[in-house]
Amino acid sequence: MTQFNKKAVKPVLIAAVLFTLTSQLVIMFESAATMDIYLMPEYFPVWSKLMMPDMGPPPLTFFVISVLVSFALALIYAVIFRIVAPGIPGKGIVRGLSYGLILFFLSGVPSLLGMFLLINLPAKFFIAGTVSALASSLIGGIIIAWSVEKFGV
């Protein structure tokens with residue numbers, strides 16, 4: 001295991017910012033692909049009051065909180081990568097893809113399965129969520145590995 005120290009702050013912050021930006025972009029594509037579900041009145045009660053306090057698009061506060069949550073998660077993922085990187089096979093993109101798969105199976109799959117078990121939404125919603133989670137995890141893993149290798153010591 002690699003020790004986390006002051007020199008690790010810069011690559012971890014860069015990775016978290018870049019991962020946040022790309023994950024928000026992926027979520028935009030997922031939202032566009034599933035917009036018909038969000039607009040179906042029978043599913044309005046499913047959405048949180050933060051996301052949809054009234055019928056219509058989410059308020060600005062939802063987007064701000066969404067980006068902050070994405071950044072917090074990206075920061076956690078980058079810190080964990082910095083600590084466990086020596087145990088992840090490969091270098092560069094291969095190591096990033098390996099870490100992305102780890103993230104997907106430890107975070108993406110459990111959260112999607114939990115939603116699938118609890119929320120009655122069309123299969124399209126969960127399929128899009130799975131594709132989105134896999135894309136975000138793989139791209140995020142590559143970004144984190146690149147940042148730590150490029151800017152780390």
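Predicted model: local features only at pLDDT ≥ 70, side-chain atom pairs only at ≥ 80, totals over all residues.
Two residues are in contact when heavy atoms of theirs lie within 4.5 Å.

**Stop 1: the whole protein.** Show everything as a cartoon. You'll find 5 helices and 0 strands, running α-α-α-α-α from the N terminus on. Along its principal axes, the C-alpha trace spans about 50 × 30 × 20 Å. If you colour by burial, 33% of the 153 residues count as buried.

**Stop 2: helix α1.** Select residues 9-33, which make up α1. How far apart are its end C-alpha atoms? They are 36 Å apart, and that agrees with the 36 Å its 25 residues should span at 1.5 Å a residue.

Now show the side chains of P11, V12, A15, A16, F19, T20, S23, Q24, V26 and E30: these are buried. Look at how the numbers are spaced. An α-helix has 3.6 residues a turn, so residues three or four places apart point the same way. What do the buried residues of α1 pack against? Their partners are α3 (60-84), α4 (92-118) and α5 (123-151).

**Stop 3: α1 with α3.** For any packed pair of helices, look for two things: the angle between the axes and the distance between them. Here the angle is about 135° and the axes are 8 Å apart. Roughly antiparallel would need an angle over 145 degrees, so α1 and α3 count as oblique to each other. Their crossing is right-handed.

Zoom in on the side chains. From α1, the residues in this contact include V12, L13, F19 and Q24; from α3, look for S66, F71, Y77 and R82, among others. By class, the residues of this contact divide into 13 nonpolar, 5 polar and 1 charged.

**Stop 4: α3 with α4.** The axes of α3 and α4 come within 12 Å and cross at roughly 125°. Are these two parallel or oblique to each other? They are oblique, and α3 passes α4 in a right-handed crossing.

Select Y77, I80 and F81 in α3, then R95, Y99, L103 and S107 in α4: here the two helices meet. This contact has 5 nonpolar, 1 polar and 1 charged residues.

Key. Residues numbered from 1 in each chain as written. Heavy atoms only, no water. Helix = DSSP H or I, 4+ residues; strand = E, 2+ residues; numbered from the N terminus. Expected span 1.5 Å × (residues − 1). Buried < 20%, exposed > 50% of the residue type's maximum accessible area, 1.4 Å probe, protein only. Axes fitted to C-alpha atoms, helices over the stretch in contact; angles between N-to-C directions. Parallel < 35°, antiparallel > 145°, perpendicular 65-115°, else oblique. Left-handed = near helix turned anticlockwise from the far one by under 90°. Nonpolar A, V, L, I, M, F, W, Y, C, P; charged D, E, K, R; others polar.
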